[in-house]
Amino acid sequence: MSKRLINPLKLFFGSLWLGFFLIALTVWWRSGIALTEVPVLLERWLDDVGLFNAALVYIVFYAVRPLVLFPATLLTVASGLIFGPWLGTLFTIIGENASANFGFTLSRWFGRLSVEKRLSGPLVLWDARLKENGLLAVLTMRLIMLPFDAVNFACGLTAVRHRDYAVGTFIGILPSLIGFVLLGGVAAPGVQNRALVVALSILFMLLGFGIASSLKRRDAPLHVVEKEPDQTAASNAAKDSE
């Protein structure tokens, strides 16, 4: 009987991650701060450290955010409030993509090999198709705004190529990212034409859903084409058995 050995390095870093997460959760719980208050508190704190330092802290915190599973949407909205709609968009594009790729890498390193060994039957075929159509799959998931961290970690466990994941994420998050940053930027001081900013926010979010719907319609004929060989094979098998 063969023993399944746990990689000591993965065990060490997994334990470290769990410990860090529990400490962060305890500190937040004891602080009594509601998650909805975080954007305003971040604005007050980062406002005193200067633009460059504030941007650096924000980007780094966003990048490592998967370690504590802090809600990405709150940070995205906060960037508009702290930096305004335009700089907020730039800093969030950097931070959110870094966060997405960090989460993907963590999941792939910790869990992909274990998942791959357990795949069987239809799941193997599904995994292979994800590898071939990863860019479109990731792009669609991002455009319809599926839970950010769920997509990060789930894609890391599949055969999706990191390159396809990164490109699909970069393009796919743009509409919702810009929409949420603009929404937060409405409350930023010195912003002119707030009604226009709100309108643009809604427009970008609707744009994302519109593109996703278009991609689904274009992808539908591909599934029909993929099924035809299977149907033909089944028909031939039936004829041979007669």
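This is a predicted model: local features need pLDDT of at least 70, side-chain atom pairs count only at pLDDT 80 or more; totals for chains, interfaces and linings use all residues.
A residue is called buried when its relative accessible area is under 20%, exposed when that value is over 50%, and partly exposed in between.

Helix α9, covering residues 174-185, has twelve residues and reaches 16 Å from its first C-alpha to its last, close to the 16 Å expected at 1.5 Å a residue. Its buried residues are Pro175, Ser176, Leu177, Ile178, Gly179, Val181, Leu182, Gly184 and Gly185. Because nine of the twelve residues of α9 are buried, this helix is largely enclosed by the rest of the structure.

On the surface, Phe52, Leu56, Val60, Phe61 and Val64 form a nonpolar patch, and together these side chains' residues have about 470 Å² of accessible area. One of them, Val60, has its place in helix α3, which runs over residues 51-64, and Val60 counts as partly exposed because its relative accessibility is 46%.

Leu69 is found in the loop between α3 and α4, the latter spanning 72-118, whereas Met145 lies in the loop between α6 (134-143) and α7 (148-157).

| Residue | Relative accessibility | Class |
|---|---|---|
| Val60 | 46% | partly exposed |
| Leu69 | 45% | partly exposed |
| Met145 | 29% | partly exposed |

Methods: Residues are numbered from 1 along each chain as its sequence is written. Side-chain values use heavy atoms; hydrogens and water are left out. Patches are made of residues with over 30% relative accessible area and no salt bridge: like charges are joined within 9 Å, nonpolar side chains (Val, Leu, Ile, Met, Phe, Trp, Tyr) within 5 Å. Accessible areas come from the Shrake-Rupley method with a 1.4 Å probe; for residues, only the protein chains shown count as cover. A salt bridge is a side-chain nitrogen of Lys or Arg within 4 Å of a carboxyl oxygen of Asp or Glu. Helices (H or I, at least four residues) and strands (E, at least two) are DSSP runs, numbered from the N terminus. Buried means under 20% relative accessible area, exposed over 50%, partly exposed in between (1.4 Å probe, protein chains only). The expected span of a helix is 1.5 Å times one less than its number of residues.
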